[in-house]
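Reader: I'd like to know how the words used for a protein structure get decided. Could you take me through this one?

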Amino acid sequence: MAAEPRGRKLSIHVVTWNVASAAPPLDLDDLLQMNNQNLNLDMYVIGLQEMNCGIMSLLSDTAFEDPWSSFFMDVLSPLSFVKGNKGGVNICVKLYGYYVSIINCHLPPHMANNVQRLEHFDRILEMQNIEGHDIPNILDHDLILWFGDMNFRIEDLGLHCVREAIKNRCYSDLWQKDQLSIAKRRDPLLREFQEGPLLFPPTYKFDKNSDNYDTSEKKRKPAWTDRILWRLKRQPPAGSHTPRLPASDFCLSLKSYISHVMYTISDHKPVTGTFDMELKPLVCVPLITLVPEGLWTMEDMLISYFLTPDFISSSWDWIGLYKVGFRHINDYVCYVWVKDNEVFFSDKLNQVYINISDIPETEDQFLLCYYSNNLRSVVGISNPFKIQPHAFLEKDPLGEAQPQI
């Protein structure tokens, strides 16, 4: 009889920041909680708004990563955090069998456009259903993390009243007039999204390179424009035929919800939320299990990989060899197309050769990653290992275009 899967606890750190086209500052340790010894983070979720999207920036991004992505990768890759999608609105992750949607948004600005903000909120939800991949409707996902510059403002109260409340830290006086809080009380769907308490000062609008609220001629009213929301899957009503998921099988708890006022490069302050996710895995076996065979000293090295019965491979799937700490899926040392180089296959076990002649003698550790073209993601990663010395292989053995993501 199979053993009951043990529960897992993951710590997730969510960052949202409207950077107002600024370049990254020199130090983001506070934002990423790098100096907090009490945190043992498993996942970073970083969403930026108003990154520089001029013509020159678009041209440079064709050849190089944008400076923000490059900066975050420099900081996080030594911790084995690897970049996912860049520039997307929604990233859908299947985590131990649970569906998690991550949405980064930038809603319409200005006090008078609250109706448009709410319409955009609904429209974004309607557009996030992924076709052709057997993925359920986004509202049936186990968790939605939704964050960004939502641009909701503080109604009715005048500039002086708002600033006095902030000065005296009487934030409760402002909560009742916050447009998002008002909308959550009225809209049944929006009410399903939770948010931590707003115990930090409004994050907009500041004079750049200062901690002063807007002193320009416009003197915009401060507001909590930058928010982090989450929604757990709605349980079916009692008496329905759909099985209910026990509350203890998947839950999310907010540990911290703060702004980081020391960063002054933008007219917005960044906001972070740190969560503990507790779940009982629905899927315990990875889709692909990779095993490097032998001592890795010969000319062609043999890789065995095991497939779960429900995994459908593609002729465009490939296995890449990476150094531990790699930043991006394209940072492979070498690669092999799995269908073109098969030496054995069965219902479960497959074997393929990969050529590593160009790898110099090194003490670095390596990983094997299996990339699925159907799922557009890495679905299998081997344990770290070292390559023994004296490998002799030619560069780019396939003589074909390298796979690009």
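Author: A nonpolar core is a set of buried Ala, Val, Leu, Ile, Met, Phe, Trp, Tyr and Cys residues joined through side-chain atoms within 4.5 Å. Buried means under 20% relative accessible area, exposed means over 50%, and partly exposed is in between (1.4 Å probe, protein chains only). This is a predicted model, so local features need pLDDT of at least 70 and side-chain atom pairs count only at pLDDT 80 or more, while totals for chains, interfaces and linings use all residues. Residues are numbered from 1 along each chain as its sequence is written, and side-chain values use heavy atoms, with hydrogens and water left out.

Reader: Which residues have the most contacts inside the largest nonpolar core?

Author: They are Val14, Leu143, Leu174, Trp224, Ile228, Phe275 and Met277, in a core of 31 residues. Among the elements that each supply at least two residues are strand E1 (8-18), helix H4 (159-167) and strand E8 (271-279). Helices (H or I, at least four residues) and strands (E, at least two) are DSSP runs, numbered from the N terminus. E8 gives the largest share, four residues.

Reader: What makes leucine 367 count as buried?

Author: Its relative accessibility is 11%, and the cut-off is under 20%, so leucine 367 counts as buried. Leucine 367 is found in strand E15 (residues 365-372).

Reader: Which residues does leucine 367 touch?

Author: Contact means heavy atoms within 4.5 Å. Not counting residues up to four places away in sequence, leucine 367 touches a list including Tyr322, Phe326, Ile381 and Phe385. Leucine 367 and tyrosine 322 are 45 residues apart in sequence, yet 5.2 Å apart in space, C-alpha to C-alpha.

Reader: Back to H4: which of its residues are buried, and how do you know that they are on the same side?

Author: Val162, Ala165 and Ile166 are the buried ones. They cover an arc of only 100° around the axis, which puts them on the same side of H4. The arc is that of the directions from the helix axis to the C-beta atoms. On the other side of H4, His160 and Lys167 are exposed.

Reader: And what makes E1 and E2 a pair?

Author: Two strands pair if DSSP finds at least two bridges between them. E1 and E2 have seven bridges, in the parallel sense, so by that definition they pair. Valine 14 stands opposite valine 45 in E2.
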